[in-house]
Amino acid sequence: MTVNQQTLQFADWYGPGLDGTSPTETQWADLLGRAPDKPVTLINFFKLREKALYQDDTETVSGQEAFSNYASVSVPAMERAGGSFLYVGPFQGMFLGETEDWDLIAIGAYPDLKAFMALYSDETYRDAFHHRTAACERQKVLVCGD
């Protein structure tokens, strides 16, 4: 499968990303176009909603509860894919730079692009991703690595 086909597949699974809830096609293409044998590290910043916002509005849980539902699936799925978390914990403030307001930081590391793709291709992970979307008021993810 080409990078373009992979990009389209991931965008189909996770959505166009125009609302900030998932990567855009360009962001998928940039990440999937990286050297396949190099490590990938993602630094995630999450601001959780007080009340989760599900598209079908059938669940009435807090953003924290929705995120916990996501994490209960994403952590084992990440480990199955070959990735691991370097840090997961509360955001405690800025030391340098403009002040930002986040609730949670998670740093995930993958040994290579294949492991990253395995996570995002995992059906159980994809099925749980809506909990992340419902939980987050906003989020940003930085890509690091060789």
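Predicted model: local features only at pLDDT ≥ 70, side-chain atom pairs only at ≥ 80, totals over all residues.
Residues are numbered from 1 along each chain as its sequence is written, and side-chain values use heavy atoms, with hydrogens and water left out. Local features require pLDDT of at least 70 and side-chain atom pairs count only at pLDDT 80 or more, whereas totals for chains, interfaces and linings use all residues.

In soluble globular proteins, nonpolar side chains tend to be buried together. A nonpolar core is here a set of buried Ala, Val, Leu, Ile, Met, Phe, Trp, Tyr and Cys residues joined through side-chain atoms within 4.5 Å, buried denoting under 20% relative accessible area, exposed over 50% and partly exposed in between (1.4 Å probe, protein chains only). The largest such core holds 33 residues, of which Trp28, Phe67, Tyr110, Phe116, Leu119, Tyr120 and Tyr125 touch the most other members. Two or more residues each come from helices H1 (3-14), H2 (25-32), H3 (63-81), H4 (113-121) and H5 (123-135), and from strands E1 (40-48) and E3 (104-110); helices (H or I, at least four residues) and strands (E, at least two) are DSSP runs numbered from the N terminus. A second, separate core of five residues includes Phe45, Phe91, Trp102 and Ile105. Beyond its neighbours within four places in sequence, Tyr120 is in contact (heavy atoms within 4.5 Å) with Phe10, Trp13, Tyr14, Trp28, Tyr125, Arg126, Phe129 and Arg132.

Four strands form an open sheet in the order E2-E3-E1-E4, with antiparallel pairing, where two strands pair if DSSP finds at least two bridges between them. Strands E2 (84-90) and E4 (136-144) are the edges, each pairing on one side only. From one strand to the next, the twist averages 15° (axes are lines fitted to C-alpha atoms, and angles run from 0 to 180 degrees between N-to-C directions). The antiparallel strands E1 and E4 are joined by eight bridges, and Lys47 has Arg138 in E4 as its bridge partner.

Strand E4 also gives the most to the lining of the largest pocket, with five residues. At least two lining residues each are supplied by H2, E1, H4, H5 and E4.

Arg80, in helix H3, counts as exposed because its relative accessibility is 52%. Setting aside neighbours within four places in sequence, Arg80 is in contact with Asp122 and Thr124. Between Arg80 and Ala135, 55 residues apart in sequence, the C-alpha to C-alpha separation is 24 Å.
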